[in-house]
Amino acid sequence: MSSKTAAPARNVPRLSPTRDRILDAFAHLLIDQGERAATLEAVAVAAGLSKGGLLYHFGSKDALVEGLLARLDALVADDVEQIRAASAGAVDYLIRTSMSEGTVLDQSIGAAVRLAQGAHPLANAALAATRRQWLSVIEEAVGDPDVAEVIMLVSDGLYYESTLASPGQPAVDDTSTTRLDRLLTVIGRMTDGTAIR
């Protein structure tokens, strides 16, 4: 997975603050404790609501899942626009933003992964669609599906590694910036420089 953190989401419709708070609470519970712990009661408590207040916004746990995955889809669609519009190029943007930094997109991905671990079919489909969208935009940029797949695997590896970083440690520092520059140089050689502006 990749996480784009260079710019705030521009075209993602905001839910009501309460609905956003509920989805944030649901995502945190999924990530921290897993799907079994993310009961309606636990989500309501974490969001600072009564269970009735939660049910007013999301009538069931399935509705919560659907809301979370819809938010993921909107965030990814916005991210794809940012990749396409990146002044340094799509590949540069993808690689430099393939670090988990706790954004709403990162939280949505993490929560979807936890649901997918429980064999939730909608979460599996959402994660597959997310990766297809990123892969497609990179393939457009480099013109070669195999090279695009290699670039995505590099991005996935960077994201995975950043999720293992020590709490409180920045995902990107001077050392990792130099490392990303080197990775982009290697990718530039793979694409004869066409992927890197």
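This is a predicted model: local features need pLDDT of at least 70, side-chain atom pairs count only at pLDDT 80 or more; totals for chains, interfaces and linings use all residues.
1. **Helix 1 against helix 6.** The two axes come within 8 Å and cross at roughly 55°. On the helix 1 side, the contact is made by D24, A27, H28, L30, I31 and Q33, and on the helix 6 side by Q107, G110, A111, R114 and L115. Sorted by class, the residues in this contact of helix 1 with helix 6 are 5 nonpolar, 4 polar and 2 charged.

2. **The fold overall.** For context, the chain has 9 helices and 0 strands, so along the sequence you simply read α-α-α-α-α-α-α-α-α. Of its 197 residues, 42% are buried. If you take contacts between residues at least 6 apart in sequence, 75% of them join residues at least 24 apart.

3. **Helix 1 by itself.** Helix 1 has 17 residues, and from first C-alpha to last it reaches 24 Å, close to the 24 Å expected at 1.5 Å a residue. Its buried residues are D20, I22, L23, A25, F26, A27, L29 and L30. The cover over them includes helix 2 (40-47), helix 3 (51-57), helix 4 and helix 6. Two of the buried names, A27 and L30, also turn up in the contact with helix 6. Just after the helix, G34 takes a positive phi of about 95°.

4. **Helix 6 by itself.** Helix 6 (residues 104-117) has 14 residues and spans 20 Å between its end C-alphas, again close to the expected 20 Å at 1.5 Å a residue. Which of its residues are buried? They are L105, D106, Q107, S108, I109, A111, A112, L115 and A116. Helix 1 (17-33), helix 4 (61-85), helix 7 and helix 8 are among the elements covering them.

5. S108 is found in helix 6 and counts as buried because its relative accessibility is 1%, with the cut-off at under 20%. Leaving out residues up to four places away in sequence, S108 touches R71, L72 and L75.

6. **A119, in the loop.** A119 is found between helix 6 and helix 7, just after helix 6. Its phi is near 65°, a positive value in a residue other than glycine, so I'd give that backbone a look. Is A119 buried or exposed? Its relative accessibility is 57%, so A119 counts as exposed.

7. **Helix 6 against helix 7.** These two pack at an angle of about 135°, with their axes 8 Å apart. That makes helix 6 oblique to helix 7, because the roughly antiparallel class needs an angle over 145 degrees. Helix 6 passes helix 7 in a left-handed crossing. From helix 6, L105, I109, A112, V113, L115 and A116 meet A123, N124, L127 and W134 of helix 7. This contact of helix 6 with helix 7 holds 9 nonpolar residues, 1 polar and no charged.

8. **Helix 7 against helix 8.** The axes of helix 7 (residues 121-142) and helix 8 (residues 145-163) come within 8 Å and cross at roughly 130°. Helix 7 and helix 8 are therefore oblique to each other, and helix 7 passes helix 8 in a right-handed crossing. Helix 7 brings R131, W134, L135, I138, E139 and V142, which meet P145, V147, A148, E149, I151, M152, L153 and D156 in helix 8. By class, the contact of helix 7 with helix 8 has 10 nonpolar, no polar and 4 charged residues.

9. **S136, a last stop on helix 7.** S136 sits in helix 7. At 34% relative accessibility, S136 counts as partly exposed. S136 and V80 are 56 residues apart in sequence, with 9.4 Å between their C-alphas.

Methods
Residues are numbered from 1 along each chain as its sequence is written. Side-chain values use heavy atoms; hydrogens and water are left out. Axes are lines fitted to C-alpha atoms, for helices over the stretch in contact, and angles run from 0 to 180 degrees between N-to-C directions. Helices (H or I, at least four residues) and strands (E, at least two) are DSSP runs, numbered from the N terminus. Angles under 35 degrees count as roughly parallel, over 145 as roughly antiparallel, 65 to 115 as roughly perpendicular and the rest as oblique. A crossing is left-handed if the near helix is turned anticlockwise from the far one by less than a right angle, and right-handed if clockwise. Contact means heavy atoms within 4.5 Å. Ala, Val, Leu, Ile, Met, Phe, Trp, Tyr, Cys and Pro count as nonpolar, Asp, Glu, Lys and Arg as charged, and the others, Gly among them, as polar. The expected span of a helix is 1.5 Å times one less than its number of residues. Buried means under 20% relative accessible area, exposed over 50%, partly exposed in between (1.4 Å probe, protein chains only).
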